[in-house]
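Subject: Handover of a structure

Dear colleague,

Please find below the structure that I am handing over to you.

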Amino acid sequence: MHVALGGCLKAPPVSYGLTEDTGGHIAYVLAAARAQAARGAEVAVVTRRFADHGHAYTAQDEPFVPGARILRLDDGDPRYLAKEALEQRLPMLAGAFEAMLDREGAPDVIHAHFADAAAVVRKAAAARGIPVIYTAHSLGIDKREAIGEAGPVLERRIAQEDAAMASAAAIVASSRDECERQLMLYPSAREGIIHRVVPGIAPVADADPGRAAALVAPFLRDPSRPPVLAIARPVAKKNLPALVEMFATDERLRKGANLVIVAGLRDGLDTGPEEQVDVYRALLAAVDRHDLWGRVALPKRHEPADVPALYAWAAERRGVFANPALTEPFGLTLLEAAAAGLPVVATDRGGPRDIIGALGHGTCHDPEDVAGFAARIAGLLDDPASWDAAAAAARHNRIRWSWDRYAADHAALCEGLLTPHAVPARPRHLLVSDVDGTLTGDRAAAARFAGWRAGNGDWGFAVATGRSLTESRAVLRRWALPEPDAFITAVGSEIHLRAEDGRLIPDEAFARHLDDGWDRSSLLAALGGVPGLTPQDPVEQRARKLSWFGDAAAARAARTALDDAGLRARIVHSHGNLIDVLPPNGGKARAMRWLGRRLGVPQRAILAAGDSGNDADMLSAAHRAVIVGNASEELAHLAPRRGLHRAQAYHADGVLEGIDALSRGLPVPSIRAGTAANTPSGATVVRDDGARIAAR
């Protein structure tokens, strides 16, 4: 496969230490290209040609690893341009890109990083029928909401981002917050083309803590103190001046630690974009106001090799990495810290929840709670056992985040774009299956299920899950399971169907059906004071689903509160501690019946499969149902009946066993029940990225 990566046009992709605004995203593009090339793809990283800042990036075609090369576009201006100045050069770059395609031939897929790259490739890709993947990396609307910034420059950027989404065949983001909140703020965003593909952790090779020690030593009176380390671009949303306030106002940090902030590259306080100048002045003003000279290091410049060295040095001195951003789309620096075994305290806004939830190497906190954020940092520094546990989690779990996995997921996405999902003809049967613990849990069984699916075209296939659409697709991709013909997600409160071109589109008629009797604001008010209910993360709250943590007693109390308030809603309690509140017409069973009617499948020809409490209504309502062998005790109450099969085999093998038992004569693979690899009844599921979750 030939994949062109429309890279960061504002910066060179090899030596990325040029200005305050280059670094992490360039490393992302390069690491992705290396990993894809290692898996056999032909990759071209497309960037801008220039000669400036003492560097020469003039070679039009430069190999950098086997299978990957850099192609540079000449826009007629030899200078290096920061992003503010680059906007005027986009038409010339677009012309140069078209000429490059005429010369090099068309790739199978173009991946545009940032909206400026999407603008450059849009016309040429459309004319040649090349699908474009778009990754924003950092979104303007989220920045505007986080820091209250407004103005014509940002508004033009937001419009450019929206145009990129409108023309993209797929949108790739790294975190749930990006996929399900940030991107969906744009008018042109379509949930059905958004995919979460998680980047990897670059291995740390030959990181020299001595480099970092030499870099910061001139600033520090006592370099032996444990450091609080921050590495970020000097922009307002990174909230770096607030980190100085946290350090200065917490007595434990001020007396027992050093603060090291590496904020891009600068020649002086008055050089660079206005936002950068404002951040540097605020940093130095805060240091001076609190008289922190000798306790704070703010190096003006650094080399690429200094970055891994800083993480290694901070870990060696039992420090903490801090990310107090007002919003963080993903948080690559948290992965870099994990690679060094360095514990972290990070913002609770955006991607860090995903990263720290999976790696377990620190904690998230509200960045506007200055005292609380500082206390989290000091708590790690003061408690050797907590520090050791976080560092051990980083070292243990970091191997699960790899660029090879990113490349595999990206290849699967590209394959899907090049061979779109065929819109099914009216199937004779329909399988509606839960995902976590039902189809996942045993890779060999998942492969057997994929084989069954490929050989049984008279069956339609849908999944019914508590997860969101983007998370469901990510899990299916990780387990090499086939994409279904339709998705029932968010515990039966959302349905996505296939359009004629194979794209997924929301079933708006089902959404309107659910709105009958659904009073979201009144439900929130009625349940706000119920004892035992703890809200799940904001990303789990959907337009037609509200979610809490709570035990069975809390679920009963919630039911009583709604009845007392005269409010109609369904309450689903599953996995012992998950409580979902749904519209009266919602739930997996009702969604399954609705989908059957939409696909023209008689209800008697629908077979449901599941393993937990949030599958109970679907299993009870289906004419044919399979409870897999690893099912939780939450399904023990379902009475034996004709058409209900309790499988001996676990996970996807249990689904296949049930299909065989309930539909004699269909070809299914041979399966073995209850192997040692199977998950015991009621066990916690370990997601393939290493995070322990309550299966949905």
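The radius of gyration is taken over C-alpha atoms, and the globule rule is 2.2 Å times the number of residues to the power 0.38. With 696 residues, a compact globule would by this rule have a radius of gyration near 26 Å, and the protein agrees, with 26 Å. This is a predicted model, in which local features need pLDDT of at least 70 and side-chain atom pairs count only at pLDDT 80 or more, while totals for chains, interfaces and linings use all residues. Residues are numbered from 1 along each chain as its sequence is written, and side-chain values use heavy atoms, with hydrogens and water left out.

Overall picture

The C-alpha atoms fill a box of roughly 80 × 65 × 45 Å along the principal axes. The secondary structure comprises 25 helices and 30 strands; these are DSSP runs numbered from the N terminus, helices being H or I with at least four residues and strands E with at least two. Of the 696 residues, 58% are buried, where buried means under 20% relative accessible area, exposed over 50% and partly exposed in between (1.4 Å probe, protein chains only).

Strand S2 (residues 42-48) is largely enclosed by the rest of the structure, because six of its seven residues are buried. Two strands pair if DSSP finds at least two bridges between them. S2 runs parallel to S6 and is joined to it by six bridges, with Val45 having Ile70 as its bridge partner.

Arg196

Arg196 belongs to strand S10 (residues 194-196) and counts as buried because its relative accessibility is 8%. Its side chain makes a polar contact of 2.6 Å with that of Glu471; such a contact is a pair of N or O atoms within 3.5 Å, and within protein one must be able to donate a hydrogen and the other to accept it, while residues adjacent in sequence count only if both atoms are side-chain atoms. A polar atom of the Arg196 side chain also lies 3.4 Å from the backbone oxygen of Ser174.

Helix H17

The buried residues of H17 include Trp403, Tyr406, His410 and Cys414.

Yours sincerely
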